[in-house]
Amino acid sequence: MTEEELRARASQIRAVIFDKDGTLFEFESTWTRYCDQMFDELVGGDEDKRACLAAACGYDHRAKTFVAGSLIVGGSIEEICSLWAGLLGLEDNESVLALSRRIVAELEPEPLADLPQLTQDLAAMGLTLGVVTNDLEAAARQQLKQADIAHRFALVLGSDSGYTPKPAADTLQAFCQHTGIEPQHVAMVGDSIHDLKAAEHLGAGLAIAVLTGPATEDSLSPCADVVIADVGHLPHLLSGGAVPQ
């Protein structure tokens, strides 16, 4: 996409949907704590089981890093808990999911930008804002509240909000229906292929990738209309500015 085409598309944007982790909040520090605490509760000091659970979801529990494109990066909490429950021989994932809800609720997010200023700037531009995450809705709402930005969002949806999670476009479509804003006037901002595929399936006006999650620019670029370093560049981009190099 040329700079001229990007400016033309940006001028048509009336709403921005954000992914949460890796986009608004730091991914690795949050989810390393989540995985480590889950494993402590589920298997204690059993190193073999710990390694099994970690490898299955794409988490290197020794290096404290994540495999780009793995389940822990792009999947929903329900998918992750179901996987772990199966590996532990549990009949269903309800106990693991309940534990997950408790641990997620205790996690304090680390913002990736000055989010109160960012959301204020975007709102001042007349943009309607939303959050669509594959985390749990209650956890997302709590973390947005902790960051003092919950009031800026017209709709917050998670993997348990009654829609098929990303990369399906269901949650994005729900945002459009809720706000009355057509998909071609919506920008989706995320750090993963799942986010960008959801934007594609929606027919979003812009699919914007950020480089603050585990995925690389090389992996994101083919699916994105534009790649920016972080969400702090959004006001400049959506007001018709050049893409920062």
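1. Two strands count as paired if DSSP finds at least two bridges between them. Strands (E, at least two residues) and helices (H or I, at least four) are DSSP runs, numbered from the N terminus. By that rule E6 and E7 pair: four bridges join them, and they run parallel. Ala187 has Leu206 in E7 as its bridge partner.

2. A word on the basis of this note. The model is predicted: local features need pLDDT of at least 70, side-chain atom pairs count only at pLDDT 80 or more, and totals for chains, interfaces and linings use all residues. Residues are numbered from 1 along each chain as its sequence is written, and side-chain values use heavy atoms, with hydrogens and water left out.

3. Start with the sheet. It is open and has six strands, in the order E5-E4-E1-E6-E7-E8, with parallel pairing. Strand E5 (153-157) and strand E8 (226-228) stand at the edges; each has a single partner strand, so one side of each lacks a neighbour in the sheet. From one strand to the next, the twist averages 20°. In general, strands of a sheet pair through backbone hydrogen bonds, either parallel or antiparallel.

4. Strand E1 (residues 15-18) and strand E4 (residues 128-132) are joined by four bridges and run parallel. Opposite Ile17 stands Gly130 in E4. Helix H10 (residues 193-202) packs on the sheet, where it touches strand E6 (186-190) and strand E7 (206-210). The direction of H10 makes about 175° with that of E7 (axes are lines fitted to C-alpha atoms, for helices over the stretch in contact; angles run from 0 to 180 degrees between N-to-C directions).

5. Look next at E7. Five of its five residues are buried (buried is under 20% relative accessible area, exposed over 50%, partly exposed in between; 1.4 Å probe, protein chains only). Leu206, Ile208 and Val210 point one way from E7, and Ala207 and Ala209 point the other way.

6. Ile208 also belongs to the largest nonpolar core, which has 30 residues. A nonpolar core is a set of buried Ala, Val, Leu, Ile, Met, Phe, Trp, Tyr and Cys residues joined through side-chain atoms within 4.5 Å. Those with the most contacts inside this core are Phe18, Phe153, Ile208, Leu234 and Leu238. A second, separate core has 27 residues, including Ile77, Cys81, Trp84 and Leu99.

7. Ala198 lies in helix H10. It counts as buried because its relative accessibility is 0%. Beyond its neighbours within four places in sequence, Ala198 is in contact with Lys166, Pro167, Ala168, Ala169 and Leu172. Ala198 and Ser159 are 39 residues apart in sequence and 13 Å apart in space, C-alpha to C-alpha.

8. A cis peptide bond joins Lys166 and Pro167, with omega about 20°. Pro167 sits in the loop between E5 and helix H9 (170-179).

9. Two residues have a positive phi without being glycine. Lys64 has a phi of about 60°; it sits in the loop between strand E2 (59-60) and strand E3 (65-66) and is partly exposed at 36% relative accessibility. Asp148 has a phi of about 65°. Its place is the loop between helix H8 (137-146) and E5, and Asp148 is exposed, with a relative accessible area of 52%.

10. Asn93 is in the loop between H5 and helix H6 (94-106). Its relative accessible area is 17%, so Asn93 is buried. Apart from neighbours within four places in sequence, Asn93 is in contact with Glu78, Cys81, Ser82 and Ala85.

11. The structure holds one cavity of 30 Å³ or more. The largest cavity has about 170 Å³ of space. Here a cavity is a set of points, on a 1 Å grid over the protein atoms alone, where a 1.4 Å probe fits but cannot get out; lining residues have an atom within 4 Å of a point. Grid points are joined across faces, edges and corners, and a volume is the space filled by probe spheres set on the points.

12. Of the 18 residues lining the largest cavity, the closest to its centre are Asp21, Val73, Gly75, Asn134 and Asp135. Helix H2 (27-43), helix H4 (71-74), helix H5 (77-87) and H10 each give two or more residues to the lining. H4 gives the most, with three residues.

Methods:
Contact means heavy atoms within 4.5 Å. On a 1 Å grid over the protein atoms alone, a cavity is a set of points where a 1.4 Å probe fits but cannot get out, and a pocket is an open set with protein on both sides within 12 Å along at least five of seven lines; lining residues have an atom within 4 Å of a point.
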